[in-house]
There are 2 protein chains.
Amino acid sequence: MKRVKGIVTYDGTKYSGYQVQVDKKTIQAELEKALAKIHKADSWNVVSSGRTDTGVHSLGQTIHFDTSLSIPEERWPQAFNRLLPDDIQVRDLQYVHHDFHARFDSVGKKYVYKVNTAREKDIFKRNFVYHHPYVLSYEKMLEAAMHLEGTHDFTSFSSPRTDVIDKVRTIYAIELEKNGDEWTFTYIGNGFLYQMVRVLTGTLLHVGKGKIRPEEIPEIFEGKDRSLAGPSIPGTGLYLTNVYYDQEALEVAVKNLKHS
Amino acid sequence: MKRVKGIVTYDGTKYSGYQVQVDKKTIQAELEKALAKIHKADSWNVVSSGRTDTGVHSLGQTIHFDTSLSIPEERWPQAFNRLLPDDIQVRDLQYVHHDFHARFDSVGKKYVYKVNTAREKDIFKRNFVYHHPYVLSYEKMLEAAMHLEGTHDFTSFSSPRTDVIDKVRTIYAIELEKNGDEWTFTYIGNGFLYQMVRVLTGTLLHVGKGKIRPEEIPEIFEGKDRSLAGPSIPGTGLYLTNVYYDQEALEVAVKNLKHS
């Protein structure tokens, strides 16, 4: 068996998230179904860097799987993509060392959350950008973002519905960008808890509207209580854009984001 | 009864076109269902500038309907939109003279067709841009477009599946624009036949790839035979962007397009 690493992009609109669930349409199920067909097997196992939620999109989800076939690297994408639905696509498939692991070897991830504050909703972006027609303060959100960066216990900023016990994570950088009515919130961290990016962005929006003051963020961390932070906003505007497996690449990404 | 004119934008992906058909999901059926609810009636009639095909989008489809209600103009969009699905939206509703007619009073329309020639398909644009990974000649397509402009019998450039007998139409302007891998084809004319913009663009793509020579266009008109022109390409990349009811506005639009 040889191990293959690859990138998966998906429009998550029609899926109940990445991970297989009984009687639900998921990204993982589609990938495994396609690989089972390629291998003429009943089932086939795919490992990803982690799950993504209902409606969340990917530009950089990373997977690995083992194969008994000898398909040349450059022919893998076509062989795989023709068996996938038109809202899921694999690219950059390559043979890697047999001990590479898409989840355990990840050293960091980048997520982007898109918000549109125009009064009118753009129906063409309804599944790709979160519509939130409010005036936001860039300065206040930036101040709050600085409090969110660093190593913290993110209990207050993630869903309590999880088996994960250690909720300490490090956010290396948060960047806010405004382009007309469209805001982009970018996060790079060593790992993210269930719903964490949605709660972080929901909290920043509350700060931007004046519902939470930036200087309250340290108290919210301290309280370790999910009800203290802002709401978890929809998966619609969220994109997993990069998974890093190399400390140096991660550092370059953090540096670039901070200077963008 | 008072007459209301309005603009309808829609993402046509999930619909079998604009016009009502038995057992099919259509834009018109959704609009009429919503108006029936508003009026507490069993059904309600909506008239549009014309039909659009399966998968075709709208930024400027125009409709009229009569109402017995006295809703202020500025409150019509909210009242209407809350009963429409999230891929259809009305705007700019206004009371007009009782003899205004969305179809018969139209003096022209603008359509845009978007094509992406990148090697890899962008899954996020799969329903909004036609993916066609070929090298296209701008010069040849421009030369062919000049032959297509003007008043012609468009029998060769429209579907034979129609009851329309007079197939003479005038195209005032065609504009080609290239932005990286994304091409935009814009057409303004006094009216368009069934599948006409899709066949015109399909023909221009054939010209761009060298399958049809620009100087063959006059012969294709002459032949009055659908099989002579290029293929009808999918509705995916097509947008009805404007319907004109005023000769002066139409002339300004043509002038702007020609100088863009």
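**Surroundings of A:Tyr111 and the overall build of chain A**

Leaving aside neighbours within four places in sequence, A:Tyr111 is in contact with A:Arg51, A:Thr52, A:Phe185, A:Thr186, A:Tyr187, A:Phe192, A:Val197, A:Leu238, A:Tyr239, A:Leu240 and A:Thr241. These contacts come from a predicted model. A:Tyr111 itself is found in strand 5 of chain A, which covers residues 108-116. Its relative accessibility is 7%, under the 20% limit, and A:Tyr111 therefore counts as buried. An unreviewed UniProt entry places the feature "binding site" at this residue, A:Tyr111.

Chain A has 6 helices and 10 strands. Its radius of gyration is 19 Å, close to the 18 Å that the globule rule gives for 260 residues, so chain A is as compact as a globular protein of that length. Taken along the principal axes, the C-alpha atoms fill a box of roughly 55 × 40 × 35 Å. Of the 260 residues, 55% count as buried. Among contacts between residues at least 6 apart in sequence, 71% join residues at least 24 apart.

The chain carries 34 positive and 34 negative side chains, with the centres of the two sets 5 Å apart.

The unreviewed UniProt entry also places the feature "domain: Pseudouridine synthase I TruA alpha/beta" at residues 8-105 and 144-246 of chain A. For residues 8-105, the end C-alpha atoms lie 17 Å apart, and the span is 18% helix and 26% strand. For residues 144-246, the end C-alpha atoms lie 29 Å apart, with 24% of the span in helix and 30% in strand.

A second residue worth a visit is A:Leu228, placed in the loop between helix 5 (217-223) and strand 10 (238-244) of chain A. A:Leu228 has a relative accessible area of 39%; because this value falls between the 20% and 50% limits, the residue is partly exposed. Not counting residues up to four places away in sequence, A:Leu228 touches A:Ile212, A:Glu219, A:Ile220 and A:Gly223. The C-alpha atoms of A:Leu228 and A:Phe157 are separated by 8.6 Å, and the two residues are 71 residues apart along the chain.

Technical notes:
Residues numbered from 1 in each chain as written. Chains lettered and ligands numbered in written order. Predicted model: local features only at pLDDT ≥ 70, side-chain atom pairs only at ≥ 80, totals over all residues. Heavy atoms only, no water. UniProt positions renumbered as here; feature names shortened; annotations may be inferred. Helix = DSSP H or I, 4+ residues; strand = E, 2+ residues; numbered from the N terminus. Buried < 20%, exposed > 50% of the residue type's maximum accessible area, 1.4 Å probe, protein only. Contact = heavy atoms within 4.5 Å. Rg over C-alpha atoms; globule rule 2.2 N^0.38 Å. Lys, Arg positive; Asp, Glu negative; His and termini not counted. Charge placed at Lys NZ, Arg CZ, Asp CG, Glu CD.
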